[in-house]
Amino acid sequence: MATKKLLLLSTGGTIASVTSNTGLTPGESGEDLVQTLHNLPYEIDVKDILSLDSSNIQPEEWRLMAEDIYQYRQDYDGIVISHGTDTMAYTAAMLTFMLQNIEIPIVLTGSQVPMSVLLSDAPRNLTLAFTAAAKLQPGIYLAFNGKVMRGCRAVKVRTTDFDAFESVNFPPVAEVTSDGFNIRTRRKSDTKPCQLNTKLDLNVSLIKLFPGFDPQIMLAMAKSGCHGFVIEGYGLGGMTFIRRNVAAVIGQLSRQNIPVVAASQCLYERSDLTKYEVGRQALLEGAISAHDMTSESAITKLMWALGQGMDLGQVKEFFATDVAGEVTLD
Ligand SMILES: NC(=O)C[C@H](N)C(=O)O
């Protein structure tokens, strides 16, 4: 079998960070990272495209990554992106929407400890990412601490522990066990060609409900240009309706063609607005269920949907569609 040809796009993050007077900051190149790995049975090219802590990664950087992936996808069997962990799940979710039907595996990874530090988790995460990029079917993935998950299901759940990410509401696609690289789940492959689409509407907001939240703020935000909301409600997606009537505000926003997606503050399982009165009122007023999507996927999906010029009805339909494995619809 021919040796797989892989590309590393390095973007910074802790994995590439060095100590400075102003705190840990990216300073190592992709070549530095790859050189610390030994005996990888792949041909690896490297391009340094960014050198940022991922807290500084924003839609402009998502676009750059998506464009580079799109440009190089036919020259490589797989692409690895080294990236800070803080916003990696958002990047992974957004790339899922920007690069639908991608023809090769794209695997994001990073580390909790810089590559240059003894006992860092970087070498094994990067090795795992290259393995996943060589072996998995096409798609956008995140590889960390022995697990590879769908990018659109990943959530950062720990700030310092090596086990920083979890695959939420969907099992990891692959895991490292004593048998080696174990692929657990496969998805029906699409044969449609990949389309790069980086149009986004950034005028969106992600709100976490708390007792006492005044929903009038959402109307003020809409007035000053907010085009869509994701609200993390309680439990199955419940929203307050006495005194501070969130459901009624959702109705007002819906009548202005402004979508409100109802997600849950609970990390696991799903939002279901049909069960309780506090959910049904919101549903009747036009709330759109995020089902079992992560908030990272819900907000990036909304940015992308509005970027396509979708109206409220189309956004509703789009959220009832599984684009790339980000949602379970029953
Ligand atoms: N572990 C990390 O990579 C955290 C770092 N602040 C980043 O996201 O770039």
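Which residues of helix H7 (residues 277-284) are buried, and what do they pack against?

Modeller: Some ground rules come before the helix. This is a predicted model; local features need pLDDT of at least 70, side-chain atom pairs count only at pLDDT 80 or more, and totals for chains, interfaces and linings use all residues. Residues are numbered from 1 along each chain as its sequence is written.

Now to H7. Helices (H or I, at least four residues) and strands (E, at least two) are DSSP runs, numbered from the N terminus. The buried residues of H7 are Val278, Gly279, Gln281 and Ala282. Buried means 20 or more other C-beta atoms within 10 Å of a residue's own, exposed means 12 or fewer, and partly exposed is in between, with C-beta atoms placed from the backbone. Down the axis of H7, the buried residues fall within an arc of 160°, so they line one face of the helix. That arc is taken over the directions from the helix axis to the C-beta atoms. Glu277 and Leu284 sit on the other side of H7 and are exposed.

The buried residues of H7 pack against helix H6 (246-255) and strand S17 (260-264). Contact here means C-beta atoms, placed from the backbone, within 7 Å. After H7 comes glycine 286, with a positive phi near 115°.

Val246, Ala247, Val249, Ile250 and Leu253 are its buried residues. Viewed down the axis of H6, they fall within an arc of 160°, so they too line one face of their helix. They pack against helix H5 (216-223), S17 and H7. Just after H6, asparagine 257 takes a positive phi of about 70°.

Glutamate 269 lies in the loop between S17 and H7. Its phi is positive, about 75°, although glutamate 269 is not a glycine. Glutamate 269 is partly exposed, with 13 other C-beta atoms within 10 Å.

Leucine 236 is in the loop between strand S16 (228-233) and H6. It has 19 other C-beta atoms within 10 Å and is partly exposed. Not counting residues up to four places away in sequence, leucine 236 touches Ser264, Ser271, Asp272, Lys275, Tyr276 and Gly279. Gly279 is one of the buried residues of H7. Leucine 236 and tyrosine 276 are 40 residues apart in sequence, yet 8.3 Å apart in space, C-alpha to C-alpha.

Now the wider setting. The domain assignment gives domain 1 (5-196) and domain 2 (204-319); such bounds come from an automatic or database assignment. The C-alpha centres of the two domains lie 30 Å apart. Eleven residues of domain 1 are in contact with ten residues of domain 2. Helix H3 (residues 88-98) gives the most to the domain 1 side, with six residues. That side divides into nine nonpolar residues, one polar and one charged. Ala, Val, Leu, Ile, Met, Phe, Trp, Tyr, Cys and Pro count as nonpolar, Asp, Glu, Lys and Arg as charged, and the others, Gly among them, as polar.

Asparagine 101, not a glycine, has a phi of about 65°. It lies in the loop between strand S6 (99-100) and strand S7 (105-109). With 15 C-beta neighbours inside 10 Å, asparagine 101 counts as partly exposed.

The residues around the ligand are Gly13, Thr14, Asp53, Ser54, Ser55, Gly84, Thr85, Asp86, Gly110 and Gln112; each has its C-beta atom, placed from the backbone, within 6 Å of the ligand. The shell has no nonpolar residues, eight polar and two charged.

Last, the whole chain. It has nine helices and 18 strands. Its radius of gyration is 20 Å, close to the 20 Å that the globule rule gives for 330 residues, so the chain is as compact as a globular protein of that length. That radius is taken over C-alpha atoms, and the rule is 2.2 Å times the number of residues to the power 0.38. Of the 330 residues, 48% count as buried. Among contacts with a separation of 6 or more, 72% join residues 24 or more positions apart.

Methods. Contact = placed C-beta atoms within 7 Å.
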